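Try each task before reading its solution.

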Amino acid sequence: GLLAAAAEVDSDYDRRQILTAYVAKYGVEGTMRDPFFAAVDAMRSDYDRAETLIAALKGQSIDSTMRAAYVSSAERLKSTYDQNRVLAAVTRAERR
């Protein structure tokens, strides 16, 4: 599907654009969770990974399973700054 194809895109910027558009339309639910996070985790750029995760969290409330997936993906970021931005977005989403 689209998420698997996005994981194969070489440009992290292009991958971020595809994934951000996808989650804006469909969200990250159920069976799409694992392919979404696989595509995000395949990115090399911490900035693009963080921006994709933050975009996916915008306006969303999350349950404990989704929280664990976001935190796990954030923990793989090398940049403390980007990691903190994602974790702050996770906290905001938990409050919704």
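Predicted model: local features only at pLDDT ≥ 70, side-chain atom pairs only at ≥ 80, totals over all residues.

**Exercise 1. Describe the surface and the charges of the chain.**

Solution. Next, take the burial count: 41% of the 96 residues are buried. Finally, turn to the charges: there are 14 positive and 14 negative ones, and their mean positions lie 5 Å apart.

**Exercise 2. Work out the order of the elements and judge how compact the chain is.**

Solution. First, count the elements: the chain has six helices and zero strands. Read from the N terminus, their order is α-α-α-α-α-α. The radius of gyration is 12 Å, close to the 12 Å from the globule rule for 96 residues, so the chain is as compact as a globular protein of that length. Then look at the extents: the C-alpha trace spans about 35 × 30 × 15 Å along its principal axes. To finish, check the contacts with a separation of 6 or more: 62% of them join residues 24 or more positions apart.

**Exercise 3. Find the centre of the largest nonpolar core and follow one of its members.**

Solution. The core has 27 residues, and those touching the most other members are Leu19, Val28, Phe36, Phe37, Tyr70 and Val86. Each of α1 (2-8), α2 (12-26), α3 (33-41), α4 (46-57), α5 (64-75) and α6 (80-95) supplies at least two residues of this core. Now pick Leu19: beyond its neighbours within four places in sequence, Leu19 contacts Leu3, Ala6, Phe36, Ala39, Val40, Met43 and Thr52. As background, nonpolar side chains tend to be buried together in soluble globular proteins.

Terms used:
Residues numbered from 1 in each chain as written. Heavy atoms only, no water. Core = buried A, V, L, I, M, F, W, Y, C linked by side-chain atoms within 4.5 Å. Buried < 20%, exposed > 50% of the residue type's maximum accessible area, 1.4 Å probe, protein only. Helix = DSSP H or I, 4+ residues; strand = E, 2+ residues; numbered from the N terminus. Contact = heavy atoms within 4.5 Å. Rg over C-alpha atoms; globule rule 2.2 N^0.38 Å. Lys, Arg positive; Asp, Glu negative; His and termini not counted. Charge placed at Lys NZ, Arg CZ, Asp CG, Glu CD.
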